[in-house]
Amino acid sequence: MDDRDQAWVERKRKGRKSDALLSCPACFTTLCIDCQRHEKIVTQYRAMFVLNCKIVEGKSQGIKDRKRKRKTKNSAQSGSSNANMADNIFRPVSCSVCGTEVAVIDKEEVYHFYNVLPSFV
């Protein structure tokens, strides 16, 4: 059975290497088999293709970029900071099995996982 599972994962990845397999921390459901680890924040991952995840509709989160905020203190540049804020809107993603929030998805449809259990491959 393990050999069959490994063959399935390899077919899904299509030859790409993954930094980890990601599972839900509450129910251990597999969420992603092909992801990249964040360069600086080692507990975060990003991915394009996921399993058993659902986007929570009707909710969004804005992430403020503190460096831009400090640089744009004068009122003439406040319009550009509002445009930058619109670029930083994320929608929450939860496990489709148990509902635990595990990630956010950005406007480019990249998933950013932060509440997962990695299994290093």
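Residues are called buried here when their relative accessible area is under 20%, exposed when it is over 50% and partly exposed in between (1.4 Å probe, protein chains only). By this criterion, 26% of the 121 residues of the chain are buried. The structure is a predicted model, in which local features need pLDDT of at least 70 and side-chain atom pairs count only at pLDDT 80 or more, while totals for chains, interfaces and linings use all residues. Numbering runs from 1 along each chain as its sequence is written, and side-chain values use heavy atoms, with hydrogens and water left out.

We can start with the overall layout. The chain contains 3 helices and 10 strands, taken as DSSP runs numbered from the N terminus (helices H or I, at least four residues; strands E, at least two). Along the sequence these elements follow the order α-β-β-β-β-β-β-α-α-β-β-β-β. With contact meaning heavy atoms within 4.5 Å, 51% of the contacts with a separation of 6 or more link residues 24 or more positions apart. The accessible surface of the chain is about 8600 Å², and 49% of that belongs to carbon and sulfur atoms; these areas come from the Shrake-Rupley method with a 1.4 Å probe, and for residues only the protein chains shown count as cover.

Next comes the interior. A nonpolar core is a set of buried Ala, Val, Leu, Ile, Met, Phe, Trp, Tyr and Cys residues joined through side-chain atoms within 4.5 Å. The largest such core has 17 residues, and Leu-22, Leu-31, Cys-35, Tyr-45, Phe-113 and Val-116 have the most contacts inside it. Two or more residues each come from strand 2 (30-32), strand 4 (45-47), strand 7 (89-95), strand 8 (101-105) and strand 9 (111-113). Strand 8 gives the most, with 3 residues. Leaving aside residues up to four places away in sequence, Val-116 touches Leu-22, Ser-23, Pro-25, Leu-31, Tyr-45 and Val-102.

One of these neighbours, Ser-23, belongs to strand 1 (residues 21-23). Ser-23 has a relative accessible area of 17% and is therefore buried. Under the same exclusion of residues up to four places away, its contacts are Phe-28, Thr-29, Thr-30, Leu-31, Val-116 and Leu-117.

Strand 8 also deserves a look for its pairing. Because 4 of its 5 residues are buried, strand 8 is largely enclosed by the rest of the structure. Two strands are said to pair if DSSP finds at least two bridges between them. Strand 8 pairs in the antiparallel sense with strand 7 over 4 bridges, and with strand 9, again antiparallel, over 3 bridges. Ala-103 of strand 8 stands opposite Val-93, and its bridge partner in strand 9 is Phe-113.

The hairpin of strand 7 and strand 8 has 5 residues between the strands, and Gly-99 takes a positive phi near 90 degrees there. In the hairpin of strand 8 and strand 9, also with 5 residues between the strands, Glu-109 takes a positive phi near 65 degrees. Glu-109 lies in the loop joining these two strands and is exposed, with a relative accessible area of 54%. The C-alpha atoms of Glu-109 and Ala-47 are 9.0 Å apart, although 62 residues separate the two along the chain.

Finally, the whole structure holds 1 aromatic pair. Rings of Phe, Tyr and Trp (its six-membered ring) pair if their centres lie within 6.5 Å, with planes under 30 degrees apart counted as stacked, over 60 as edge-to-face and the rest as tilted. The rings of Tyr-111 and Phe-113 have centres 6.3 Å apart and planes at 20 degrees, so this pair is stacked. Both Tyr-111 and Phe-113 are buried.
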